Amino acid sequence: MTTTAAPAHAPGHESGAVHHGPAHLQHHFQTSDQQYDASKLGLWVFLLTEVLFFSALFVAYTTYRSLHPEVFAYAANFLDTNLGAANTMVLLLSSFTVAWAVRNAQLGQRKLLIANLAVTLLCAGTFMGIKYEEYSHKYHEGLLWGGAKHSIFKYNTSYIRPDVKAHSHAWNEGSPFNHEIAPVKNLTAEQRREVSIFFAIYFCLTGLHGIHVLAGMVLLTWLLIRSIRGEFSPQYYTPIDLGALYWHLVDLVWIFLFPLLYLIA
Amino acid sequence: MSDHDKHDELGHGNQPHVLSVGLLAAVLVALLILTGLTVYTGKKDLHGLDLGIAMFIATVKATMVCLIFMHLKWDRRFNGMIFLFAVLLVGLFLAFTTLDLSQYQPLVDEYRRNQVAP
């Protein structure tokens, strides 16, 4: 048995709930299993709230797309499918490594656990790097929601910044990915307004997802540090298990976001 | 020590359910292939079936992640029920919004037309 940090109890204590558990066992749980199950249940309830959190934006997406399918078909041409697909693969790979990390924790493979968490963190960083590349391109092109300073979708063209108009490929020539679609300057004011709403939904959905990736990176860093310190064992790996579940949810959301935003024919 | 412990079929505590690297890798490969497939079908014009096919593939991918990566296949049933409940609530949310939309959008459109007319 490992040494425990639990305080020694006075002999003759007659209660059945005397705390003899290992260091990780909190006093209000009787067994490690009970604590593990309660933690996991709590996390699943949290994931339920996360699903509903995202669902509001998915409903906004559905509403707007059902009303304006042509706007989605047009606007999606400005998104880079290759970068979106690359990000999908990076996230799937990270889901695999974090699932492997859970196995490592269960089996007490400390070095592999550290390696898998590090690779997962690296994938998360790569995802954000690609996302940054996409966002900065959109910012440069003025492909933003209508209220943004640099947006080329303003209802009144005199409010569109002349420097953005001058260098924006989207404004002058159209999409670099599909040469058949009209440049934004040929759209009517009403059409510009409608396309700007697509980008508002795009930035809300990918932005909220991106915030979740960033939160996941903080979580993974914390798990990595604790793993390096050797705080996990086959007897106690709950944080790894729960952290992995959260990370899989981030992957799940992206699995739906990718075809819904990037693959509109 | 674990010999005399009652074996927990659901894979908890002293007897965790450990997934093999082979199974995890197989799921990863399947997910990557499905991603390739959805990109391929997404680039083709499938006459209105595009969205249905893309959502079907995404749902298959999500189910694999839930059941295997997230361990729901071997987890306590109640955890899976919570997640299923979340999906049902999303369905309800979507269904009611769509119903509402189809009910009232014609009125909104009519109002707009009257606004534009002199």
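**Figure 1. The largest nonpolar core of this predicted model holds 80 residues.** Let's start inside this predicted model. The residues with the most contacts inside the core are A:A75, A:A99, A:A101, A:F199, A:I240, A:A244 and A:L261. Helix α8 of chain A, spanning residues 238-262, contributes the largest share, with 16 residues. As a bit of background, nonpolar side chains in soluble globular proteins tend to be buried together.

**Figure 2. A close look at A:A244 and its contacts.** This alanine is one of the residues with the most contacts inside the largest nonpolar core. If you set aside its neighbours within four places in sequence, A:A244 is in contact with A:V98, A:A99, A:A101 and A:V102. Of these partners, A:A99 and A:A101 are also listed among the residues with the most contacts in that core.

**Figure 3. Chain B, a chain of three helices and zero strands.** Chain B has 118 residues, and 19% of them count as buried. Among its contacts with a separation of 6 or more, 40% join residues 24 or more positions apart.

**Figure 4. Where chain A meets chain B.** The contact draws 40 residues from chain A and 37 residues from chain B. On the side of chain A that touches chain B, α1 (32-67), α3 (81-107) and α8 each supply at least two residues. The most comes from α1(A), which gives 18 residues. Sorted by class, this side of chain A has 25 nonpolar, ten polar and five charged residues.

How values were computed:
Residues numbered from 1 in each chain as written. Chains lettered and ligands numbered in written order. Predicted model: local features only at pLDDT ≥ 70, side-chain atom pairs only at ≥ 80, totals over all residues. Core = buried A, V, L, I, M, F, W, Y, C linked by C-beta atoms within 7 Å. Buried ≥ 20, exposed ≤ 12 C-beta atoms within 10 Å, placed from the backbone. Helix = DSSP H or I, 4+ residues; strand = E, 2+ residues; numbered from the N terminus. Contact = placed C-beta atoms within 7 Å. Nonpolar A, V, L, I, M, F, W, Y, C, P; charged D, E, K, R; others polar.
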